[in-house]
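Visitor: Please show me the model. I would like to know what stands behind the terms used for it.

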Amino acid sequence: MRRVLPWVLLLVLFPLTARVFAAAEYIVKPGDSLSRIAATQLGSEARWTEIANANQLKPPYQLRPGQRLTIPSQPATTRPPNATPAPTRPAPVSVAAPAAPTVAPKGTTVSGPLVQPPGSPQADATAWRDVVGNLAPTVKELAPWILLLLALAWFFHAVCLRGACWFALVETNLRQCFLMALMMILLVLLASGIGFLLTMSMFPPLNLPWQAMAIAGVLLAVGVSVGSILVVKRTLDCHWRSVVTIFVMTHFVANSLMLLTVVAITLVPAVDMSMQQLAQSKLTHWAVSKRADASANR
C-alpha cells in the first residue's frame, strides 16, 4: 500500500503542476486586445477564448495597461457555445485590379476578339478603320456634289490657264489648257491621298497635333505648286518668268471662282428656305386680313 500511494498522488497532482508550469505571464500594453495577444502569444487570433477562460475574464473583455494575464500553452480548444467573440479590427477590403488587355502573342491564334493596348499600331489602324467606316456613308451621299466641284475646278482652271497664257503672251490652245488643268487636279488628288496615308501611319485619329497638321498643309501646298509649275513648263516650254506668271494667275483666279461657287452652293438652300418662309408668312397675313375684312362687313 505504501508503494502504491506515491504513484496515486503523482497521477493526481501531475496535471495541476503541468498546467501551472506550462502557463506563461503577459503584461498588457496600450492598444492590446485579446485577439492580438492570442495572435502574438498563441499563434492564432481564434484562441483568445483560452486567454479569457484562463484569466476568468467576462464580457466586454476590457483590458487595462499593466494588467497581468496568464497565457496557457495547451493545444487549441473549441470555443464555448456561450462565449462572445472579442472585438477585432475589420479586415481590409481587397479591390480587384482591372484586367489587363488581352494581347495575342506572336505565333498563337485566339478564338475570341482581342483588345489591343492603346497607342499600338494595331489599335491606331483599327481606330482609323472606324473613322473611315463612319465617313463612308457621308461621302456616298455627297459624291454627286464632289464630282460637280471637281468638274467645275477642272473647267475654271482650264479657262484661267487660257487667259493667263494670253496675258503672258504664250501661244497655246484650249485643248492644252484642259490637259494641263486635268493634270493639276489629278496632282492635287494624288498629293492629298499620299498625305492622308502618311497621317494614318504616323498619328492616331482625333489626336493629331496642330503642328503636324500645319506642316502637312504646307508640304501639300508646296508639292502641288511645284508639280503645277513643272506641268506648265513641260507643256508650254516657255520662259520661267512666264511659267510663274501663268501659275499665279491661274491658281488665284480659279481658286477664287471655286470659293465663290462653294459659298453660292451653300447659301442657295438657306436663301430658298428663307424665301419660302417669307412667302408663307405673307400668305398667312393675307388670309388673316381677308378674314378680318369679311367679319367686319358682316
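Guide: Start with burial: buried means under 20% relative accessible area, exposed over 50% and partly exposed in between, with a 1.4 Å probe and protein chains only. Helices (H or I, at least four residues) and strands (E, at least two) are DSSP runs numbered from the N terminus. The model is predicted; local features need pLDDT of at least 70, side-chain atom pairs count only at 80 or more, and totals for chains, interfaces and linings use all residues. Residues are numbered from 1 along each chain as its sequence is written, and side-chain values use heavy atoms, without hydrogens and water.

Visitor: Which residues of helix H2 are buried?

Guide: In H2 (residues 34-41), they are Leu34, Ser35, Ile37 and Ala38.

Visitor: What puts them on the same side of H2?

Guide: The arc is taken from the directions from the helix axis to the C-beta atoms. Theirs covers only 165°, so they share one side of H2. They pack against strand E1 (24-27), helix H3 (48-54) and strand E2 (68-71); contact means heavy atoms within 4.5 Å. Just after H2, Gly43 has a positive phi of about 90°.

Visitor: Why does glutamine 56 count as exposed?

Guide: Its relative accessibility is 68%, so glutamine 56 counts as exposed. Glutamine 56 sits in the loop between H3 and E2. Its phi is near 55°, positive in a residue other than glycine. Most residues other than glycine have a negative phi.

Visitor: What makes leucine 169 exposed?

Guide: A relative accessibility of 78%; therefore leucine 169 counts as exposed. Leucine 169 lies in the loop between H4 and H5, with a positive phi of about 60°.

Visitor: What makes a set of residues a nonpolar core?

Guide: The members are buried Ala, Val, Leu, Ile, Met, Phe, Trp, Tyr and Cys residues, joined through side-chain atoms within 4.5 Å. The largest nonpolar core has 18 residues; among those with the most contacts inside it are Leu161, Val170 and Ile246. Helices H4 (121-167), H5 (174-202), H6 (210-236) and H7 (240-297) each supply at least two residues of this core. Apart from it lies another core, of 14 residues, including Val28 and Tyr61.

Visitor: Which residues does valine 170 touch?

Guide: Leaving out residues up to four places away in sequence, valine 170 touches Cys165, Leu236, Cys238, Ser242 and Ile246.
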